[in-house]
Amino acid sequence: MTIATLDGGVKYDRVMLKISGEALMGDQAYGLHPPTVERVAREIKAVHDLGVEICMVIGGGNIFRGLQGSAQGMERTTADYMGMLATVMNALAMQAALESLGVYTRVISAIPMDQVCEPYIRRRAVRHLEKKRVCIFAAGTGNPYFTTDTAAALRASEMACEAIFMGKNVDGIYDSDPKLNPDAKRYADITYDDVLQRNLKVMDASAIALCRDNRMPLVVFALSEPGGFKGIMAGQGTYTIVHD
C-alpha cells in the first residue's frame, strides 16, 4: 500500500492524527512543553495548508494516566475520568497553538463542559471539517475502560476519515522494541490480524479490531522528525501501514 498519489500529491482528503500526551512533554518529565506544542502545531498546519481536513485525538499521559492511577489504588472509573480531563487540557493547549498560527480549531469533548469546548455532535463536527477547521476530539469516548486509541478509531470512523496517522517516538512498527533490540525488524506494512496475533503494542486490541472492522488504514510514523507529518502524507520518509 502507498500513501502518495501517482503525481506525488496527497492521497487522503480527511485524516485522523493520533498523538500521545507524552509527545507534548519535550524533554520534560511531566506536563506541557510550549515549544514542543508549537512545533507539532506547525506540522499540522503544513498538512492543513495542503487542503487536508484534519481530526485529532491527543492522549493525556503527560498529565495523568488512568491505568497508573488505578495501579496505585485509585478506583479505576475515577482514574479514567481524571485521564479524560487531562486530554481536554492537552486539546486546549493545541487549539491555542494552532489558532496562533491562523488555523481555526474546535475542541470537541465527549464529556460536556460548555464553557471551554463544544459537546460532541457528529453532524456539527463534520460541518467544522467541511469548513476546513481542525477538530480535536477530547475526553476519549466519554466512557471509562476505553483508551484514547479506541477514541481515535471511533471518531475516525464516525467522521469518515480515510486513514489514521499515529505519531509515535519510533518510525513504524517493529517486531520488538528497537530501543532495547538493535536487530529489531521494522514492518513496511502489516495486517491488523497479524498485529493482534503477534501482540504488537501499537494500539490496544479494541482499537485495532475497530480499525480492522471498518477497513481503516493506520499509518505509524515518527512525529519527532521535523516535517515528518507532511512528508509522510506525501509518501516520503519511513513508516508502517497497517491494513486489512
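**Salt bridges in a predicted model**

Analyst: In this predicted model, a salt bridge joins the side chains of Asp213 and Arg212, at 3.4 Å from N to O.

User: What makes the contact of Asp213 and Arg212 a salt bridge?

Analyst: The cut-off is 4 Å between a side-chain nitrogen of Lys or Arg and a carboxyl oxygen of Asp or Glu. The N to O distance here is 3.4 Å. So the pair qualifies.

User: Why is Asp213 called exposed?

Analyst: Its relative accessibility is 56%.

User: Which residue forms a salt bridge with Arg212 at 3.0 Å?

Analyst: Asp193 does, with 3.0 Å between the closest N and O atoms. Asp193 sits in helix 6 (residues 192–197) and Arg212 in helix 7 (residues 205–213), so the bridge ties together parts 19 residues apart in sequence.

User: How do you know that Arg14 and Glu53 form a salt bridge?

Analyst: Their side chains meet at 2.7 Å, N to O. The limit is 4 Å, so the term applies. Arg14 belongs to strand 1 (residues 14–19) and Glu53 to strand 2 (residues 53–58), 39 residues apart.

User: Are Arg14 and Glu53 buried or exposed?

Analyst: Arg14 has a relative accessible area of 13%. Glu53 has 12% relative accessibility. Buried means under 20%, so both are buried.

User: How many salt bridges does the whole structure hold?

Analyst: The search finds 14.

Methods:
Residues are numbered from 1 along each chain as its sequence is written. This is a predicted model: local features need pLDDT of at least 70, side-chain atom pairs count only at pLDDT 80 or more; totals for chains, interfaces and linings use all residues. Side-chain values use heavy atoms; hydrogens and water are left out. Helices (H or I, at least four residues) and strands (E, at least two) are DSSP runs, numbered from the N terminus. Buried means under 20% relative accessible area, exposed over 50%, partly exposed in between (1.4 Å probe, protein chains only).
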